[in-house]
Amino acid sequence: MSGSQRVASVSAAQAHGRLLLRDARPADRLPAGALLREALTPRLADAVFGLGGAGASRYFERLFQHPGTLWSYDITTLAELDGEVVGLVSHAPWAVLAQRRRSTLWGYWRAYGLRGLLKLIPRIRALMRASPAVPPDHWFIPCLAVAPEHRGNGVAHALLQTVYRHAEAHAPACSLYVPTSNATAREFYDRAGYVEREGVDSEVLHRLAGVRGRVRFERTLATGKPA
Ligand SMILES: CC(C)(COP(=O)(O)OP(=O)(O)OC[C@H]1O[C@@H](n2cnc3c(N)ncnc32)[C@H](O)[C@@H]1OP(=O)(O)O)[C@@H](O)C(=O)NCCC(=O)NCCS
């Protein structure tokens, strides 16, 4: 599968009550930028992708609107409530995301320019060093976030159901990372049937963003291929 193909098509938008789940488009960049910042947690997002300032959303908006990167609309499903984007999940086979690394670097170049890129690279390196290995046949969820005022209404659960519908025919399990300090998300995934696997600590990330490290969570998929 090509790294630039849409891999998470919802094809026909699916309605969950008043909630509409649909494929993201480049024009969704404004709400998507804010939600991608939430997904990473604002402090970590600003420290790494905001280059130490509060502007991570602005960079995510730029990254989101071009296809083929780890942040693009073409691996993203949105949840809409009465026409307002209230949640986002990005997801794809881990192998496809690995193929996107080079195009993501070009995306960073486009979004940050040369000076910004030079500041960004050591920060991304710190983030990657705090990223436990993912089994190559897993489906992966880089980002899941719901707007703060819409949390606790089942939006994240509805988004995850969409992910599983795509992933089940292709992968034995689904993986994602959670910052060690994000207790809310860790409990959420625990209740959603995920098992906590390995974690990696990072001194550099701690100094940059107050985040001790990241943990990989994994959930077996019901009708996935045998592991
Ligand atoms: C973690 C996060 C995605 C959860 O989103 P959410 O939309 O509030 O989650 P949900 O509403 O689906 O689930 C939360 C609770 O609401 C309950 N709920 C309320 N209405 C519901 C409904 N109609 N259907 C299903 N669950 C519902 C669920 O029971 C759930 O409780 P549970 O966790 O015990 O199952 C959200 O807090 C968030 O965006 N956090 C910041 C970003 C982040 O940490 N992302 C994850 C790290 S990558």
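Predicted model: local features only at pLDDT ≥ 70, side-chain atom pairs only at ≥ 80, totals over all residues.

**Confidence, then packing**

Mentor: Residues are numbered from 1 along each chain as its sequence is written. The chain has a mean pLDDT of 90, with 91% of its residues at 70 or more. Among its elements (DSSP runs numbered from the N terminus, helices being H or I of at least four residues and strands E of at least two), the lowest mean pLDDT, 62, belongs to strand 1 (residues 14-16), and the highest, 98, to strand 5.

Turning to the packing itself, helix 1 (residues 29-40) lies against helix 3 (residues 56-64) with axes 8 Å apart and an angle of about 125° (axes are fitted to C-alpha atoms over the stretch in contact, and angles run from 0 to 180 degrees between N-to-C directions). Helix 1 is therefore oblique to helix 3, oblique being what remains after under 35 degrees (roughly parallel), over 145 (roughly antiparallel) and 65 to 115 (roughly perpendicular). Their crossing is right-handed, the near helix being turned clockwise from the far one by less than a right angle. From helix 1, Arg29, Leu30, Ala32, Gly33, Ala34, Leu36 and Arg37 meet Ala56, Ser57, Arg58, Phe60, Glu61 and Phe64 of helix 3. Sorted by class, this contact of helix 1 with helix 3 holds seven nonpolar, two polar and four charged residues (Ala, Val, Leu, Ile, Met, Phe, Trp, Tyr, Cys and Pro are nonpolar, Asp, Glu, Lys and Arg charged, the others, Gly among them, polar).

Helix 3 also packs with helix 5 (residues 101-129), at an angle of about 130° and with axes 9 Å apart, so helix 3 is oblique to helix 5 as well. Here too helix 3 passes helix 5 in a right-handed crossing. Tyr59, Arg62 and Leu63 of helix 3 make this contact with Gly107, Ala111 and Tyr112 of helix 5, and the residues of the contact divide into four nonpolar, one polar and one charged.

How values were computed. Contact = placed C-beta atoms within 7 Å. pLDDT = per-residue confidence, 0-100.
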